[in-house]
Each structure stands twice: as C-alpha cells, then as structure tokens.
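User: Hi, could you walk me through this one? I'd like to jump between topics as we go.

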Amino acid sequence: MVCGYVENRDVYAVKCPECGGPLIPVSEVSKLVKSRDSSGVWVWSEALVTGSYKPKITIFEGNTPLIKPRILSTFLKIRRFFLKDESKNPTGVYIDRGSATLITTLRHFKFSEVIVASTGDLTISISAYAKQARMKVKTFMPSNVSLSKAYKAMLLTDSCRFVETYDEAVAKALKQELRGYQAAVLATNPYLMDGYKTIVYEVVNELSELDNKPNYIVVPIGDGVLLASIKQAFEDLKLGNVKFLGVKARRETPLLREIYVETPLFKDFIEGLRSSGKLEIVEVEEDEALEASELMIKKEGLMVGPVGSSCVASLTKALNYGEKALKEAVVVAVVTGDSLQDPYLMRALLERTLKPKEIPLLGFTKLKILEILAYEGPKHPYEIWKSLKVKHAIDISKRAVYQHLDELVESGLAVVKDYVKVSGRLRKVYGITDLGLKELK
Ligand SMILES: [Zn+2]
C-alpha cells in the first residue's frame, strides 16, 4: 500500500501486483480491544489483518515488559522514559510477534514449507513457530553470522545453507523454483509486519492506563520494516503525530552488524518519513553502544547487548545535538536484539572493564576454518574451501577464504607451515597455532 494499492480479497500477496513495491498491512482500529480468550499477539486479533486466520499459532510472544528505568531516566534527563524490552520474546526478538502472524497465515493458505533468507534472527524465529504448525523450514544465511545464531539455526531448520552475503541469501531464496506448498519469505513480508504492530498496541494500551500517550519512539532502522510497521500501527490508531528517532550503526562491525544496513529494503519509506520531519536518524559507533550496554548492565541491572542498548546511545547523542523536545516527551525506546547470550559479546563487554590486550572476536566461518586445520591437519586454501563447502555447508568464494586466512594469520591463530606445488603453482599450506587451539576450547 506504499503506492496506494489496496488489496481486500482473502489472498496471499507479498508485494504489490501493480508496481512490485512492498505491501503494508492496514487496519481500521476505532478502539483497541483486548480479547480475553486468546494468547500471545492474538489478544489483538481485532486490530490485525491476519486476525481471522486459523488455527492461531502462538508460543506466547508479546506482552513484553514496559520498563521505567529510573537511573537511566535521571542520567538522560528524560522524565517520562520507557523501555519496551523485546528481548523477552520466546526466541529473544520482536520478530516472534511477526512469526506468529506469518506462520498462521501460511497455514491458512495451505503452505507446508518455508524458504527463508535472513541474517539469523528471522530464521530462528520462523523455525520455532513452524514447529508448532508442523511446517518445514529451509534457510539461506550469510556465513558471517555469530556462532550462537548459526548453531541455533542449524538445530531448528530442516536445511541450513551458508552463503557469502545477505544479498546472496536473498537471491538464492528467490531463485528457488517454488512448488505450490512452498513459500519464500524475506524480512519485508507483510504478514510479519502485521504482528510487529502489536508492539504499538501494547505500549499505547499500557500507557493509556497511566494517562500517557507515547509521542517519541526510538527504534533501530535496519531495513525500515519495523519502523514502517510501528508507524502504520500509530496511523491505524489515528495517533499520527508520533515522532521517531531511527538508530543505525555508523559502520559494519561484528557487534553492530544487525543494525547496519547499507541499502534498506524500505529506503523510499525511510526517506519520505525523514523529509516530512517525523524521523531523525542517529548513527552510533560500536564504542558508544558498548558504553550504553555497560551503563544499562552496571547501573540498571538490565542485561542488554550493544544492539539493544544502541537506542540509549542514540538518545544521548540526540540530546547532545540539542533535540530539546525529547525532554518533555513521553519517550519509548524499543529494545531489540537478543539479551546478552553470546559469549563473544560478553567477553567484549568484560574487556572494556578489564582492559586486557585485544583478542579478536571470531565469527562462524573463521572458527570452522580453525576446526578444519585442527582436526584435518595443515591444508592449502583450495582444500580448506572445498572442506567448508562439502563438509560444513559453507558456500563462500575462494577469495573470502583467503581473506579469512590472512586475518587468522594476522591475529596469530593460524600460520603458514609450508609451500606445495599444486598444478604448477606454488601454494601456501596453513596450520593452526597453539593460540588457535586455545580458541577452539
Ligand atoms: Zn503498487
């Protein structure tokens, strides 16, 4: 409906049949009514496009805490400041709300298999909900996802392929020859967005009991999908005057990868909102996000990683820029990203406090390369590339393997052991070092 197209029939549609653009679910909500005999996001069935679909799949997503952090509030000098803690969803992310509405929709339209392209969280969440509906999940993910996400996805899905980039994952999922029972799902799927809107319904409902209305929302921009869903939910409730602070990472770093998107899928929507004066974008550095995490953990006792705490980091920045309206506003920051579960993340935070020498944070692919060198012995890059592809389902380019090896050597985890001649060319043979072996323990 970005172009104005409206679909009222009961059909499964993921993009506009006229312009090919994204579809945004729109509901007429004259009064927010909470249904008493439903669970999860379905208590808001009456305000959802998917509200009439059956059977309703849920694993008790939503109803997340709206926290009033007293120490942070004083620190930021924002009196009416709230955190909507989305890490308390079943798989630890707001996406669970959308997975409930999406999987219910796919069942309603008789699909039995989902093909997902994602950077991790979407795959994990959809797979968990698909189990409840006895549906199969196949996924394509970039191989630079964090270890915990890679393992969770491998445990939950029926097939998990790793490719080099997110764009490649999307291309692979879309290229699949789909049979009638299969659906390809990307982050922009409108039936996911329908569920995301319940964040707003909960916040508005809870604040109305305190005689408050939210008028400033802090939310990571990413692809713009969550932002668009939240904006539409406010429109549906006829609360169109809300302003947004959009948070994004300034550059791509291992810890902030999730909130760094070079070309957002909803680019036009984001630009439109920005030029209408309703969206302010703040870019956050990894160091600023880690500082905010430290603040939230050590002062408030909230176990929030850098992605989640980036909203607090962005508020600090916006206040410094002189965004005075914030101090008088009712500010709600949506805390996305899983709570502090990843050991690498915890180590990064600890290192800030303890300040020992820098230890590199290893991604999934580098760890697999070290594993290959440890268990299969020294190898040249082509053999490593082949082993990654055949034994570990990691489908990346040879160039990427060289890059990883360079970085492993640079950080002292691998070393060039020997040279061999392979089809007339001299090749380096890599082996693992003692430091590298320690990394695997
Ligand atoms: Zn259109």
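Predicted model: local features only at pLDDT ≥ 70, side-chain atom pairs only at ≥ 80, totals over all residues.

**Chat notes**

User: Where does R347 sit?

Analyst: R347 is in helix α13, residues 343-354. Helices (H or I, at least four residues) and strands (E, at least two) are DSSP runs, numbered from the N terminus.

User: Thanks. Is R347 buried, exposed or in between?

Analyst: R347 is partly exposed, because it has 13 other C-beta atoms within 10 Å. With C-beta atoms placed from the backbone, a residue is buried if 20 or more others lie within 10 Å of its own, exposed if 12 or fewer, and partly exposed in between.

User: How far is R347 from F244?

Analyst: Their C-alpha atoms are 32 Å apart, and the two residues are 103 apart in sequence.

User: New topic: at what angle do α14 and α15 pack?

Analyst: Helix α14 (residues 364-376) and helix α15 (residues 381-392) pack at about 100°, and their axes are 10 Å apart. Axes are lines fitted to C-alpha atoms, for helices over the stretch in contact, and angles run from 0 to 180 degrees between N-to-C directions. The two helices, α14 and α15, are therefore roughly perpendicular to each other. That label covers 65 to 115 degrees; under 35 counts as roughly parallel, over 145 as roughly antiparallel and the rest as oblique.

User: Which residues make that contact?

Analyst: On the α14 side they are K368, I369, I372 and E376, and α15 brings I384, S387, L388 and H392. Two residues are in contact if their C-beta atoms, placed from the backbone, lie within 7 Å.

User: What does UniProt list for residues 369-441?

Analyst: An unreviewed UniProt entry lists them as "domain: Transcription regulator PadR N-terminal". UniProt positions are in the numbering used here, feature names are shortened, and annotations may be inferred rather than shown by experiment. In the model, the span 369-441 is 55% helix and 26% strand, with its end C-alpha atoms 14 Å apart.

User: What about residues 58-337?

Analyst: For 58-337 the unreviewed UniProt entry gives "domain: Tryptophan synthase beta chain-like PALP". The 58-337 span is 45% helix and 19% strand, and its end C-alpha atoms lie 20 Å apart.

User: Which residues touch the most other members of the largest nonpolar core?

Analyst: That core has 127 residues, and V114, I126, V218, I230 and A333 touch the most other members. A nonpolar core is a set of buried Ala, Val, Leu, Ile, Met, Phe, Trp, Tyr and Cys residues joined through C-beta atoms within 7 Å. The largest share of the core, seven residues, comes from helix α8, residues 225-236.

User: What is A333 in contact with?

Analyst: Setting aside neighbours within four places in sequence, A333 is in contact with L83, V218, C311, V312 and L315.

User: And T123, buried or exposed?

Analyst: T123 is buried, with 30 other C-beta atoms within 10 Å. It is found in helix α3, residues 121-132. Beyond neighbours within four places in sequence, T123 is in contact with V116, S118, T139, M141, A153 and T157.

User: What is phi for F60 and for S423?

Analyst: F60 has phi near 65°, a positive value in a residue other than glycine, and S423 has a positive phi too, near 35°. F60 is found in the segment before β1 and counts as exposed, with 12 C-beta neighbours inside 10 Å. S423 is in the loop between β12 (414-422) and β13 (425-432), and S423 is exposed, with 6 other C-beta atoms within 10 Å.

Note on methods:
Residues numbered from 1 in each chain as written.
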